[in-house]
Amino acid sequence: MLLVGHALAEDTSAGTALRDAGISGGLAAAAEADAGRLGSALRATHLGPQLGPLAEAWPSAVRAADRRLRRIPSSLVVQAQLLQTLVYLLAIALLQAMVLQVLSDKVGPTFLYGDVWAADGKWFMVELARQLVLLGLPLLFAAIVATVVLPPLVPKVAGPLRRARQAAVAAALIETGAPADVRRSFRGSTMDHATVEDLDRVFEASLTRSERAQRRVVVFVRAAGLGSLSLTALLTTMAVYLIISQIHLTV
């Protein structure tokens with residue numbers, strides 16, 4: 001992909017660059033490029049959703065755009081920290097579910113059968129904690145699947161990344177002297193009197209906003225998850241200790 005971009009930027013033969021690269025499908029792509037079908041050649045080399053249309057419209061901008069676009073993290077990188085947090089919360093929730101299941105199946109019937117004073121009045125907290133954990137497990141599973149399968153869905157994370165891509169393409173077009181009609185064909189590339197420095201500042205600011213938003217999302221998920229799990233643990237601990245404190249009164 002980079003070889004093709006460099007060839008296009010230097011106004012040399014893309015077909016020759018593809019033949020010399022030795023990549024899979026390079027010969028077929030070179031034949032398409034030599035025949036003047038640049039779009040087919042670019043699709044064969046998987047130039048990418050941003051660089052492909054740019055190379056067809058204004059080849060000289062490919063290298064400048066690629067230099068900026070390579071700094072934008074992929075969806076997997078953006079979601080990695082959130083996925084780590086969700087897996088951590090799921091592990092704790094599964095452990096809590098196992099403990100609560102043992103309490104409900106083994107410990108609870110023993111207390112209630114023994115008619116421990118006020119045991120039935122305290123045991124509802126254990127059952128409440130168990131229901132809360134069982135309710136949270138599917139939500140955590142769904143969040144993990146959505147994080148892996150879907151792109152970033154939080155507008156404050158995805159929006160700045162989209163703006164950064166637009167600014168990168170716009171800066172590359174202006175840097176390489178693309179005409180106004182070419183710039184108008186790309187969304188976000190039509191800022192009147194915008195300079196390369198202005199668009200690079202937009203690019204940097206958008207990356208920064210996206211990183212901050214991502215951190216806020218992770219902090220919120222971690223705080224909400226740990227808070228919920230702490231609540232269920234507190235309910236369970238309070239119930240068990242309150243029941244145990246009554247045992248000596250009924251022996």
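**Figure 1. Surroundings of Ala 93 in the predicted model.** Leaving aside neighbours within four places in sequence, Ala 93 is in contact with Val 133, Leu 137, Leu 140 and Leu 229, where contact means heavy atoms within 4.5 Å. Ala 93 is found in helix α7; helices (H or I, at least four residues) and strands (E, at least two) are DSSP runs, numbered from the N terminus. The residue is buried, with a relative accessible area of 3%; buried means under 20% relative accessible area, exposed over 50%, and partly exposed in between (1.4 Å probe, protein chains only). Ala 93 and Leu 137 are separated by 44 residues in sequence and by 6.8 Å in space, C-alpha to C-alpha. This is a predicted model, in which local features need pLDDT of at least 70 and side-chain atom pairs count only at pLDDT 80 or more, while totals for chains, interfaces and linings use all residues. Residues are numbered from 1 along each chain as its sequence is written, and side-chain values use heavy atoms, with hydrogens and water left out.

**Figure 2. Surroundings of Thr 236.** Thr 236 lies in helix α11 and is buried, with a relative accessible area of 11%. Leu 100, Leu 103, Val 126 and Ala 129 are in contact with Thr 236, its neighbours within four places in sequence being left aside. Between Thr 236 and Trp 123 there are 8.6 Å from C-alpha to C-alpha, although the two are 113 residues apart in sequence.

**Figure 3. The largest nonpolar core.** A nonpolar core is a set of buried Ala, Val, Leu, Ile, Met, Phe, Trp, Tyr and Cys residues joined through side-chain atoms within 4.5 Å. The largest one has 25 residues, of which Leu 82, Leu 86, Leu 100, Val 126, Leu 137, Leu 140 and Val 221 touch the most other members. Two or more residues of this core come from each of α7, α8 and α11. Apart from it lies another core, of 20 residues, including Leu 161, Ala 172, Phe 186 and Leu 207. Not counting residues up to four places away in sequence, Leu 140 touches Leu 86, Leu 89, Leu 90 and Ala 93.

**Figure 4. The largest pocket.** The largest pocket has a volume of about 380 Å³. Its lining comprises 17 residues, and Gly 136, Leu 139, Leu 140, Gly 225 and Ser 228 are the closest to its centre. On a 1 Å grid over the protein atoms alone, a pocket is an open set of points where a 1.4 Å probe fits, with protein on both sides within 12 Å along at least five of seven lines; lining residues have an atom within 4 Å of a point. Grid points are joined across faces, edges and corners, and the volume is the space filled by probe spheres set on the points. Helices α7 (75–113), α8 (119–149) and α11 (196–246) each supply at least two lining residues. By class, the lining has 13 nonpolar, 4 polar and no charged residues.

**Figure 5. Helix α6 and the chain as a whole.** Helix α6 (residues 62–69) is mostly covered, with 6 of its 8 residues buried: Val 62, Ala 64, Ala 65, Asp 66, Arg 68 and Leu 69. The protein chain has 11 helices and 0 strands, and 38% of its 251 residues count as buried. Its mean pLDDT, the predictor's confidence in each residue from 0 to 100, is 76, and 66% of the residues reach 70 or more. Among its elements, helix α1 (residues 2–9) has the lowest mean pLDDT (55) and α11 the highest (87).

Definitions and conventions: Ala, Val, Leu, Ile, Met, Phe, Trp, Tyr, Cys and Pro count as nonpolar, Asp, Glu, Lys and Arg as charged, and the others, Gly among them, as polar.
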